[in-house]
Every structure is written in structure tokens, then in C-alpha cells.
Amino acid sequence: MEFLNLLTQMAASAISPATAAFAIAAIGLNIHFGYTGLLNMGQAGFMLLGAYGFAVSIGAGLGFWPSLLIAIIVVVIFSLILGIPTLKLRGDYLAIVTISAAEIVRMVGRSSIMGPITGGSNGLPGATYRDPFNELSFLPDGSTTILWFTYENNGVSGWWIRLVAWALVAIFLVLVWLLMRSPWGRVLKGIREDEDAVRSLGKSAYSYKMQALVLGGVLGAFAGIIYVLPSSVQPDALGRSTTFFIWTALLLGGAATIFGPVLGSILFFAVRIFIQGITDIVVPDSIMSTQQTDQFSWIVIGIALMLLVIFRPQGILGSKKELSFNV
């Protein structure tokens with residue numbers, strides 16, 4: 001019975017809004033790293049800015065669509081400010097700059113000076129910005145059971161947010177698939193493999209990298225909005241660790257693949273719950289408490305990631321032919 005409950009928890013985690021948000025963020029990171037070769041270590045910063053742009057705009061009395069547009073504009077401006085001076089950097093230098101920029105966003109958001117706008121370290125409660133999104137729902141009130149999942153149709157973490165979140169995942173997958181089959185996508189792959197060769201053909205590598213940075217950042221903004229809709233905007237919840245988790249999902253599924261980010265995100269959450277659940281079942285509480293099994297699950301995931309990078313760096317769905325990076 002305990003094992004059956006564990007499988008149910010894993011399945012519920014696989015379709016949760018948080019998993020969909022991570023999948024969208026990983027798709028954006030895949031545009032940065034997988035297809036363009038940009039070592040962006042600050043994807044959580046794009047998510048946090050998107051979440052703040054949306055939540056603060058709703059709190060100011062704007063509707064859903066204007067708030068969504070403002071969130072996108074804020075992230076585009078941030079991408080330009082970040083990209084103009086830094087996209088000429090390569091490899092580790094770009095990684096350092098992006099992770100620093102994301103930390104600046106987080107620290108500014110949690111500062112007491114910004115408290116009246118961002119809520120400071122306490123963040124913004126979901127009740128202040130969630131209603132305009134729920135009002136868009138066409139689902140009837142009440143709850144619905146599909147298979148063994150029962151959720152409120154329009155609840156805080158109900159079917160409506162799940163439907164929108166996974167519909168966005170599907171839309172962005174199709175978008176990336178179409179873009180990477182286009183001449184624009186082929187130029188991105190050329191930049192990833194040999195930037196100098198792309199320049200010799202008369203293409204502006206700098207311009208294409210900027211476009212990729214903006215596009216991946218906008219997807220990060222959508223991911224941030226989906227992530228905070230069922231909960232709240234907490235700056236510390238979208239910090240360095242979130243970026244590393246997104247990287248784990250991307251590398252697990254396979255960079256430079258269409259479905260890799262989605263598969264990696266689902267496995268990332270499901271496997272962690274499986275490890276913690278099995279440990280809870282097998283190991284007595286006298287040896288390891290629930291809190292300790294949670295920490296143990298992260299340790300195992302870290303070890304698994306190291307083994308994956310060593311023995312199968314292309315990920316589950318990836319190809320070694322796609323691992324040529326000009327960094």
C-alpha cells in the first residue's frame with residue numbers, strides 16, 4: 001500500500017504546475033545552451049523577474065493581459081541590459097556574469113527598500129495576483145477526477161492551472177521545433193559549433209545570440225508566472241538552486257533536443273520523490289527522519305547527475321553529435 005501511494009505521489013508530481021514551470025524554463029535554457037551554446041547560469045533570474053512583473057502589475061490594478069505583457073517587457077529589457085555588454089564573453093565568464101545578474105535580481109527583490117513593491121523577503125502572497133488568472137477559466141466550479149487524480153477545477157492548484165501550464169509546454173515545444181528547423185535555428189547551431197565560421201558567412205553572431213537570449217528569457221518569464229500562480233512570489237525560492245535544478249533537468253533529458261527538457265523535468269521531480277519515498281519505507285525513523293530522507297534524496301540526485309555527465313553527457317534523448325560547443 002505504501003508503495004502504491006508512492007507511485008501516486010510520483011504521478012501527481014509529474015503533472016504538477018511546478019514540473020510544467022521547470023519544463024518551460026528548461027526549454028528556454030535549451031535555446032540558450034543547447035542550441036546557441038550560451039552558458040546561462042541565471043535562468044532563475046528571468047523567472048523571478050517575470051513573476052514580479054506579473055504579480056506587481058496585478059497588484060497595481062491592471063488586468064491579466066496587460067500584466068502578462070509587462071512581465072514580458074521587463075524580461076526583454078533585462079535581457080538587453082544583460083546581453084549588450086556580456087554576449088561577447090565566452091564560456092565561464094558568461095556563466096559568472098549571468099549567475100551574478102540573477103543574484104542581483106533576487107537580492108534587490110528581497111531588500112527592505114523594495115518591500116512596498118516586492119514584499120521584501122516575505123514576498124507577495126498568491127491571493128494578491130491569482131484571481132485575474134482564475135477568472136479566465138472556462139471550467140465549471142467543483143472538482144473533477146481523471147484516472148486517480150482528483151483536484152478542484154479552479155482551485156489554487158487545480159485543473160485549470162495544470163491545463164494552462166501543460167498547454168504552454170506543448171506550444172513552446174512546437175515553437176522551438178519550428179524555429180530550429182528554420183534558417184534562424186540553423187544559424188544558432190552554427191554559432192554553437194563555430195562562431196567564427198558563422199561570422200565569415202556574413203552573419204552577425206552577436207545579433208543572433210541576443211535574439212536567443214531574449215527568447216529563452218521570455219520563456220523563463222512564462223515559467224516564473226506559472227511557478228508562482230499556485231503559491232506565492234518568494235525571491236529566495238527562485239535563487240541559485242532553482243537554476244541548478246533547471247540545468248539538471250536539461251542535462252538529464254538531453255540538451256539540444258526537443259523533448260529532452262520536458263522529460264528531464266518530469267524525471268527530476270518524480271525520481272526525487274521516489275528516492276525519498278523508498279528511503280522512508282526501507283529506513284527506520286530511528287536511523288533517518290523524514291527531513292533527513294529529503295536531504296538524502298538531493299544527495300542521490302547530485303551523485304546521479306555527476307555520473308550522468310561522466311558516462312552519458314548527452315542525456316537520455318541527446319546525441320553526441322549535438323555536443324560540439326564553441327565556448
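Helices here are DSSP runs of H or I with at least four residues, numbered from the N terminus. The model you have open is predicted, so local features need pLDDT of at least 70 and side-chain atom pairs count only at pLDDT 80 or more, while totals for chains, interfaces and linings use all residues. Residues are numbered from 1 along each chain as its sequence is written, and side-chain values use heavy atoms, leaving out hydrogens and water.

Start with Ala256, in the loop between helix H12 (240-253) and helix H13 (260-282). Check its phi: near 60°, a positive value in a residue other than glycine. Ala256 is also buried, at 9% relative accessible area (buried is under 20%, exposed over 50%, partly exposed in between, with a 1.4 Å probe and protein chains only).

Next, select Ile24, Tyr129 and Val233. These have the most contacts inside the largest nonpolar core, which has 80 residues. Such a core is a set of buried Ala, Val, Leu, Ile, Met, Phe, Trp, Tyr and Cys residues joined through side-chain atoms within 4.5 Å. Helix H11 (residues 205-228) gives the largest share, 14 residues.

Stay on H11: 19 of its 24 residues are buried, so the rest of the structure largely encloses it.

Now zoom in on Val233. Beyond its neighbours within four places in sequence, its contacts (heavy atoms within 4.5 Å) include Leu48, Tyr52, Gly123 and Tyr129.

Last stop: Trp65, in helix H4 (residues 64-86). Is Trp65 buried or exposed? Exposed, at 57% relative accessibility. Draw a distance from its C-alpha to that of Val282, 217 residues apart along the chain, and you get 49 Å.

Definitions and conventions:
Helices (H or I, at least four residues) and strands (E, at least two) are DSSP runs, numbered from the N terminus.
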